[in-house]
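My entries follow in the order in which I went through them.

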Amino acid sequence: MSRITVLGAGAWGTALALSLARRGGHQLCLWSHSTALAEQLADAGENLPYLPGFTLPVDIQITSDLPRAIFEADILLCVTPSQHLRGVITHIAPMLTRNQIILSASKGLEEASFLRMSQVVASVTGNPFAVLSGPSFAQEVAAGIPTAVVVASNFLPIAQTIQRDFTSPTLRVYTNEDVPGVELGGALKNVIALAAGVASGLNLGYNSSAALITRGIAEVTRLAVACGGRRQTLAGLSGIGDLVLTCTGSLSRNRSVGIELGRGRQLNDIIAGLNGKVAEGVRSTAAALGLAARYAVEMPITEQMDAILHRNKSPKEAIRELMSRPGRDE
């Protein structure tokens, strides 16, 4: 039996806690940074703001007390927004024991530093680390719909430990040693999903969506390989698998934001309408461009998405510029 603490009680954190509870065989704790949310979860037995309709089993301990949450946990599953991961890890670092595994399920890049989540953790603590990614909408994981994901670690036995503890009849977990590839696939697909949403909001049809997804995986792969990732990783669950899901699924928050941008709505109004939920691609876009500049990697879709998000560029103009780029080999 493993003691697993989920740090972050949003939709994805709650869904993973439900999946682990359904599997059985673990002691589980779900931590929320908000005392009010923790009390609501305990009282209602349901995450009404972020994942309504799913009952939390009574044997999941719920708390907003961070030292209590991490005490004697074997695995700390971090499901905070990527921009908050450093703060949480910095807070708990002095309390960690050497063998506690930190597992990140946050799909993003740190905005100011362009660091991946593994690099953020490594800059604060030397604890063993792994990353969980792949095509996995929270609502479907919570509902027990069959899902396949991948866990990556530089130390294969760590990935195998996560595989053993998380695999269930409804969650299939593959292992991988390509941490940069898995992390960047999970982070950068959100940017391409925003662009796919823009195309949908402009009513551009299926041809445009297919082109964006295909060329999107090309530029995601270019950057991942430049950062030390493997091309074959991006052809797997954390690459094209997650990209297709997030670019096409109606449950995709990033795609939904892109759709509204394509329809002419302002970003601030769209974000306000998310009611505290996070579309990681909005903040990862600028970080992705910063990382691309560092490695001299061309990312035309990401460049146009950044201009739409942060420089009020017209979505129609962004599409026109993508289509009028000089011809090249595929």
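Entry one. In this predicted model I began with E321, which is partly exposed at a relative accessible area of 26%, and I found that E321 forms a salt bridge with K313, with 2.8 Å between the closest N and O atoms.

Entry two. I then turned to E317 and R320, which form a salt bridge whose closest N and O atoms are 2.8 Å apart. Both residues lie in helix 16 (residues 315-323), and because they are 3 residues apart there, about one helical turn separates them. I noted E317 as partly exposed, with 28% relative accessibility, and R320 as partly exposed too, with a relative accessible area of 45%.

Next I looked up R116, which forms a salt bridge with E183, the closest N and O atoms lying 2.7 Å apart. This pair links distant parts of the chain, since R116 sits in the loop between strand 7 (101-104) and helix 5 (117-122), while E183 belongs to helix 8 (residues 179-201), 67 residues away.

How many salt bridges does the count come to? By the rule I used, the count comes to 15 salt bridges, and the pair of R116 and E183 is one that I looked at with care.

Conventions. Residues are numbered from 1 along each chain as its sequence is written. This is a predicted model: local features need pLDDT of at least 70, side-chain atom pairs count only at pLDDT 80 or more; totals for chains, interfaces and linings use all residues. Side-chain values use heavy atoms; hydrogens and water are left out. A salt bridge is a side-chain nitrogen of Lys or Arg within 4 Å of a carboxyl oxygen of Asp or Glu. Helices (H or I, at least four residues) and strands (E, at least two) are DSSP runs, numbered from the N terminus. Buried means under 20% relative accessible area, exposed over 50%, partly exposed in between (1.4 Å probe, protein chains only).
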